[in-house]
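Q: I have a model open here and would like to talk it through with you. Can we start with the inside and work outwards?

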Amino acid sequence: MKILISLFIISGLVVLGSGIGIYLIESPHEDAQITNLIDAFWWVSATVTTVGYGDVVPVTEAGRIMGIALMFVGISFIGVFISALGA
């Protein structure tokens, strides 16, 4: 149970930090699709849960690298969560 609580706290911090980070990276770019924090948190939530709608995407290289990292983080969180429930 303790690992599940820790996992929820860590995942919340990852979403919060990544949302703010992608906003700071993308919003100054003139062709940016992520121009406010709502768009940033929408994109982070869709990416970390591996849904990836594609309606909002990063246009900078740094934003795309962040997206790749978030995809792996999301898959890892799902694996740890399922393992913790199974144990």
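A: Gladly, and bear in mind throughout that this is a predicted model. The largest nonpolar core has 8 residues, namely I22, I34, A40, W43, V44, V48, V56 and L70, and the element that gives the most to this core is α2, with 4 residues.

Q: What does A40 touch, leaving out residues up to four places away in sequence?
A: With those neighbours set aside, A40 touches G19, I22, Y23 and I34; of these, I22 and I34 are also listed as members of the core.

Q: OK, and which residues of α2 are buried?
A: The buried residues of α2 are A40, W43, V44, A46, T47 and V48, and they pack against α1 and α3.

Q: What about the length of α2, how far does it reach?
A: From its first C-alpha to its last, α2 reaches 16 Å with its 12 residues, which is close to the 16 Å expected at 1.5 Å a residue.

Q: Where does I38 sit, and is it buried or exposed?
A: I38 has its place in helix α2, and because its relative accessible area is 67%, above the 50% cut-off, I38 is exposed.

Q: Let me step back, what is the overall make-up of the chain?
A: The protein chain has 3 helices and 0 strands, so that, read from the N terminus, the elements run α-α-α. Along the principal axes, the C-alpha atoms fill a box of roughly 50 × 20 × 20 Å.

Q: How much of it is buried, and what about contacts between residues at least 24 apart?
A: Of the 87 residues in the protein chain, 29% are buried.

Q: Which residues of α1 are buried, and what covers them?
A: In α1 the buried residues are L4, L7, S11, S18, G19, G21, I22 and E26, and what covers the buried residues of α1 includes α2, residues 37-48, and α3, residues 61-86.

Q: Now the outside, which residues form the nonpolar patch on the surface?
A: The patch is formed by M1, I5, I9, L13, L16, I20, L24 and L37, which together have about 820 Å² of accessible area. Helix α1, residues 2-26, supplies the largest share of the patch, with 6 residues.

Q: Why does I9 count as exposed?
A: I9, which is found in helix α1, counts as exposed because its relative accessibility is 52%, and the cut-off is over 50%.

Q: And what is the accessible surface of the protein chain?
A: The accessible surface comes to about 5,600 Å², and 71% of that belongs to carbon and sulfur atoms.

Q: Last topic, where is F72, and is it buried or exposed?
A: F72 is found in helix α3, and its relative accessibility of 57% is why F72 counts as exposed. F72 and V48 are 24 residues apart in sequence, while their C-alpha atoms are 8.1 Å apart in space; V48 itself is among the buried residues of α2 and belongs to the largest nonpolar core.

Terms used. Residues are numbered from 1 along each chain as its sequence is written. This is a predicted model: local features need pLDDT of at least 70, side-chain atom pairs count only at pLDDT 80 or more; totals for chains, interfaces and linings use all residues. Side-chain values use heavy atoms; hydrogens and water are left out. Patches are made of residues with over 30% relative accessible area and no salt bridge: like charges are joined within 9 Å, nonpolar side chains (Val, Leu, Ile, Met, Phe, Trp, Tyr) within 5 Å. Accessible areas come from the Shrake-Rupley method with a 1.4 Å probe; for residues, only the protein chains shown count as cover. A salt bridge is a side-chain nitrogen of Lys or Arg within 4 Å of a carboxyl oxygen of Asp or Glu. Helices (H or I, at least four residues) and strands (E, at least two) are DSSP runs, numbered from the N terminus. Buried means under 20% relative accessible area, exposed over 50%, partly exposed in between (1.4 Å probe, protein chains only). Contact means heavy atoms within 4.5 Å. A nonpolar core is a set of buried Ala, Val, Leu, Ile, Met, Phe, Trp, Tyr and Cys residues joined through side-chain atoms within 4.5 Å. The expected span of a helix is 1.5 Å times one less than its number of residues.
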